[in-house]
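Biologist: I would like to learn how to read strand pairing and salt bridges in a model. Please take one case at a time.

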Amino acid sequence: MDWVTASSLATAGGTLVLAVATFGSVRSANRSARLTEQSLLAATRPLLMPTRLQDEPVKVGFMDEKWFRIEGGGAAAETGDGVVYLAIAVRNVGNGIAVLHGWRFYGERPTGAEPEHPPLDTFTRLTRDLYISAGENGFWQGTFRDPASEEYARARARIDSGLDFTVDVLYGDEFGGQRTITRFTLRPRPEGGYYASVGRHWHVDGPSPR
């Protein structure tokens with residue numbers, strides 16, 4: 001027997017076994033790290049829904065001293081002197097703080113069948129910081145203040161005609177990540193005000209929820 005050759009083969013075999021074991025260990029560690037990361041993200045993910053019908057009313061104020069008192073499960077929309085006011089009472093059913101970023105108004109109801117979320121550059125950025133703690137109620141608000149704009153005319157015509165409309169709200173976690181778009185549909189209540197419901201959610205920074 002050639003002991004030199006045998007020794008080399010044994011060393012090579014041992015090295016191969018060690019490499020396979022190392023590869024398996026690294027792969028297992030990566031999988032554990034991904035699971036840990038997903039768990040940490042889930043612990044800080046916000047998710048907005050309308051408030052419940054039995055929830056306490058939410059008070060919403062605007063910079064020109066316009067105020068709304070929105071009942072549970074509801075929203076508000078009103079036209080004034082060169083202004084269109086919009087507000088929705090929302091509940092954060094997620095585990096993390098929701099930080100609201102922007103919004104988009106639809107004069108006609110979207111089909112809801114589009115697989116991709118609307119382009120982020122079509123959203124109007126909020127002019128104030130709105131934070132909603134996990135498990136708590138809060139609100140979204142927006143206005144149109146330029147009567148010469150197409151968006152103002154579209155929103156005013158929809159509201160003055162007593163028709164329903166749709167608003168997409170963009171928000172994320174307190175670290176600026178996990179951005180989500182939630183689509184709210186507002187339908188007029190017979191007794192005044194609006195009912196709010198959710199039709200779609202899009203995850204901007206991660207896999208789609210569907």
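Modeller: Two strands pair if DSSP finds at least two bridges between them; strands are DSSP runs of E with at least two residues, helices are runs of H or I with at least four, and both are numbered from the N terminus. Here β10 and strand β11 (residues 194-203) pair in the antiparallel sense over nine bridges. Pro-188 stands opposite Tyr-194 in β11. The model is predicted: local features need pLDDT of at least 70, side-chain atom pairs count only at pLDDT 80 or more, and totals for chains, interfaces and linings use all residues. Residues are numbered from 1 along each chain as its sequence is written, and side-chain values use heavy atoms, without hydrogens and water.

Biologist: Which residue in the hairpin of β10 and β11 takes a positive phi?

Modeller: Gly-192 does, near 110 degrees, and the hairpin has five residues between the strands. On β9 (residues 165-172), β10 has another antiparallel partner, over seven bridges.

Biologist: How many salt bridges does a search of the whole structure find?

Modeller: Side chains of opposite charge can pair when their charged atoms come close. The criterion is a side-chain nitrogen of Lys or Arg within 4 Å of a carboxyl oxygen of Asp or Glu. The search finds ten. Among them, Asp-168 and Arg-183 meet at 2.7 Å, N to O. This pair links strand β9 to strand β10, 15 residues apart.

Biologist: Are Asp-168 and Arg-183 buried or exposed?

Modeller: Buried means under 20% relative accessible area, exposed over 50%, partly exposed in between (1.4 Å probe, protein chains only). Asp-168 has 0%, so it is buried; Arg-183, with 4%, is buried.
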